[in-house]
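Hi there,

Here is the structure I promised to pass on. My notes on it follow below.

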There are 2 protein chains.
Amino acid sequence: MTKTDDFPWPAPGTPLADVLTPMPVIDEVRLANNIARAQEYVTAQGKAFRPHIKTHKIPAIAHQQLASGAVGINCQKVTEAEVFADAGCDDILITYNLLGSARLARLQKLNLRVNKLRVVADSAVTVAGLSDAFADASKPLAVLVECDTGAGRCGVQTPDDAVELAQAINAAKGLRFDGLMTYPPVSGAATVEDFFRKTMARLADLGIDCPVRSNGGSPDLFASGKVPSATEHRAGTYVYNDRSMVRAGECGADDIAMHVLATVVSRPTPTRAVLDAGSKALTSDLLGFSDHGEIVELPGARITSLSEEHAVVDLTDCAGPLPEVGTRVRVIPNHTCVVSNLFDRMVFHKNGVVTRVETVAARGTVW
Amino acid sequence: MTKTDDFPWPAPGTPLADVLTPMPVIDEVRLANNIARAQEYVTAQGKAFRPHIKTHKIPAIAHQQLASGAVGINCQKVTEAEVFADAGCDDILITYNLLGSARLARLQKLNLRVNKLRVVADSAVTVAGLSDAFADASKPLAVLVECDTGAGRCGVQTPDDAVELAQAINAAKGLRFDGLMTYPPVSGAATVEDFFRKTMARLADLGIDCPVRSNGGSPDLFASGKVPSATEHRAGTYVYNDRSMVRAGECGADDIAMHVLATVVSRPTPTRAVLDAGSKALTSDLLGFSDHGEIVELPGARITSLSEEHAVVDLTDCAGPLPEVGTRVRVIPNHTCVVSNLFDRMVFHKNGVVTRVETVAARGTVW
């Protein structure tokens, strides 16, 4: 469909210096370390680990995560989950309020071919839609109640509301209440624990089973032990890491597995360089930063603005030797998950030598 | 390669109410009006019009623009230009400093099958690379000198530098100096005219032909007549328009041809709604706005934050009836060009009835 099949994708063994820019490249050693470190930590807390595939959208990486001990995966979209089901993933949680008969008809088919499929709901409207779609299904759909524990996005607002929705799910034809889910704010452990514990107590009083308590977020991954009532933790960004994760102290500079390779295409003035990685390669996500990524080879340089295919770099405070036109650099993006969403394929390497090119198979799965 | 072929893309005749969200939809009537209005204006200034395809990346729209009188198209990437050459476009300007032997080998092939192909350069390094690649080519490459007229991105800094680079291009084997190109700041007409005029005068003194003077930008499209020395104007955003173009006074609300269809998936509190269009549908481009797009059906509501698949909407100042879970809305994005870059296909409609689904063929052409 696209022209990318004709592109000069590098063969294994190619040095990164020969990879055309702009291109995100993934360090295999750091990737494997990130997967192992997170899994070991969460396992040691006595919890299941459920990686969110939004960050990579690549089935081969999901299989690395599963081989490392992950219980299953986390998706946001039905069509995204379909890609991973095709690749053999059989335990999938879709953390999204799914609406609309066409989407739910697909969900119903997906439920039949995935061993454990769960979705979430935070309103009676969502539950009613799910029930309409699954009323006559041969296999009921497992539904978690999404709880707002302070992040201010989706979710029921109180444990009482959670209990009420759990009852509605169990009363709905074709559905089964399976537990609680939250995406908390950073450092939200105490609030999550309080919300889960109160809800579980009221459910227990009513004799309602609540086997799954799913907590999440990469920023709190290594604090997931602080929520004793959670049975599992979900995280996505940790797999590649990015500038925001370093700033948060969640990883070190040596844990950054994704860099965006870029080339200096212009040096219009003594203090200005322009890279060939713009908002269509790095995205405009600032995540609280005032500039658009960090250039490994140019300490002190600042990417002050992005246009679609250019990054403008201020070299005024650059400590190192100034780059020439043609100089290749590595940019650490502010936010890795949105970069993956821009590329059809990504290049992997070990010590600067290409190991594989992976199709970002779930990119473009918008529903 | 992706799963999108299996998706339930709507057939012509489908009402927009049945199109799954999130999805950008293009109003055929407004699209045609935008194309005609811009072409008429630029033609009336006695200039050629060269639409930038970065905004749509769809060959069928390029053909609408060409049928309306456009002289050719503008691209940023070699692989992007290849898609449009495949679709029969035979006058292409790539406004980019192209570097690297693999890329330039492709450019050399492209030059043989496109009647008029031009690129730009702003440094001796870029010119040397182009000359290396084209020294033995049977058809010379036409090169414009990119001039920085105040936008602070790429480009030579002075008319003297432009003349020096023009001479270097003409002295280089396989290359032909063909004129000047600039991407000016908003309201930059006087500076562009001054830069072009001074450069042209010095080139004339040296007997160097300078047939093309290419000016650009949608924000100054309807002021392109204020640069008499320009022979052509380039613009991309005008074709769909967006919130930033309305703010700039370059179009009215009725000229917005792209909306992102979205659905309210959660109403967690009386003043909060959550849409299913996040940064992976709208991008994080703010373009000076403090919020993330305008919701047509909810005047006064503000999209205060985006996460990847959610938009959080503050309804505090919403004038209209508050939406329910399941309510469908249209979002006017801050910046249309980056939205196109996220979707493999887009849906077109006339008066709310689907007319066609176009593949965004040049999306993913990163080189």
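How many bridges join strand 5 (residues 116-121) of chain A to strand 6 (residues 141-147) of chain A? There are 4, and the two strands run parallel. Helices (H or I, at least four residues) and strands (E, at least two) are DSSP runs, numbered from the N terminus, and two strands pair if DSSP finds at least two bridges between them. In this pair, A:Val120 stands opposite A:Leu144 of strand 6 of chain A.

Before the rest, some housekeeping: this is a predicted model, in which local features need pLDDT of at least 70, side-chain atom pairs count only at pLDDT 80 or more, and totals for chains, interfaces and linings use all residues. Residues are numbered from 1 along each chain as its sequence is written, while chains are lettered from A and ligands numbered from 1 in the order in which they are written.

**The sheet of chain A**

In chain A, 8 strands form an open sheet with parallel pairing, in the order 2-9-8-7-6-5-4-3. At the edges are strand 2 (48-51) and strand 3 (73-75) of chain A, each pairing on one side only. Neighbouring strands are turned by 30 degrees against each other on average, direction ignored. For angles in general, axes are lines fitted to C-alpha atoms (for helices over the stretch in contact), and values run from 0 to 180 degrees between N-to-C directions.

Helix 6 (residues 159-171) of chain A packs on this sheet, touching strand 5, strand 6 and strand 7 (175-182) of chain A, and its direction makes about 155 degrees with that of strand 7 of chain A. Helix 3 (residues 78-86) of chain A lies across strand 3 and strand 4 (91-97) of chain A, at about 175 degrees to strand 4 of chain A.

Helix 3 of chain A is largely enclosed by the rest of the structure, because 8 of its 9 residues are buried (20 or more other C-beta atoms within 10 Å of the residue's own; exposed means 12 or fewer, partly exposed in between, with C-beta atoms placed from the backbone). Among the buried residues are A:Val78, A:Val83 and A:Phe84. The buried residues of this helix pack against helix 2 (59-67), strand 3, strand 4 and helix 4 (101-113) of chain A. Just after helix 3 of chain A, A:Gly88 takes a positive phi of about 100 degrees.

The largest nonpolar core has 215 residues, and A:Phe84 and B:Phe84 have the most contacts inside it. Such a core is a set of buried Ala, Val, Leu, Ile, Met, Phe, Trp, Tyr and Cys residues joined through C-beta atoms within 7 Å. Not counting residues up to four places away in sequence, A:Phe84 touches several residues, including A:Ile53, A:Pro59, A:Ile73 and A:Ala362; contact means that the C-beta atoms of two residues, placed from the backbone, lie within 7 Å.

**Between the chains**

The contact takes 64 residues from chain B and 64 residues from chain A. Strand 10 (258-269) of chain B gives the most to the side of chain B that touches chain A, with 6 residues. That side divides into 24 nonpolar, 24 polar and 16 charged residues. Here Ala, Val, Leu, Ile, Met, Phe, Trp, Tyr, Cys and Pro count as nonpolar, Asp, Glu, Lys and Arg as charged, and the others, Gly among them, as polar.

**Domains of chain A**

The domain assignment (automatic or from a database) gives domain 1 (9-26 + 251-359) and domain 2 (45-240) of chain A. Their centres, taken over C-alpha atoms, are 34 Å apart. In the contact between them, 7 residues of domain 1 meet 9 residues of domain 2. Helix 10 (residues 336-340) of chain A supplies the largest share of the domain 1 side, 3 residues.

**A hairpin in chain B**

Strand 16 (residues 345-350) of chain B has 5 of its 6 residues buried, so it is largely enclosed by the rest of the structure. Strand 1 (residues 23-27) of chain B runs parallel to strand 16 of chain B, joined by 3 bridges, with B:Asp27 opposite B:His349. Strand 17 (residues 353-359) of chain B runs antiparallel to strand 16 of chain B, with 6 bridges, and B:Lys350 has B:Val353 as its bridge partner. These two strands form a hairpin with 2 residues between them, and B:Asn351 in the turn has a positive phi of about 50 degrees.

Best wishes
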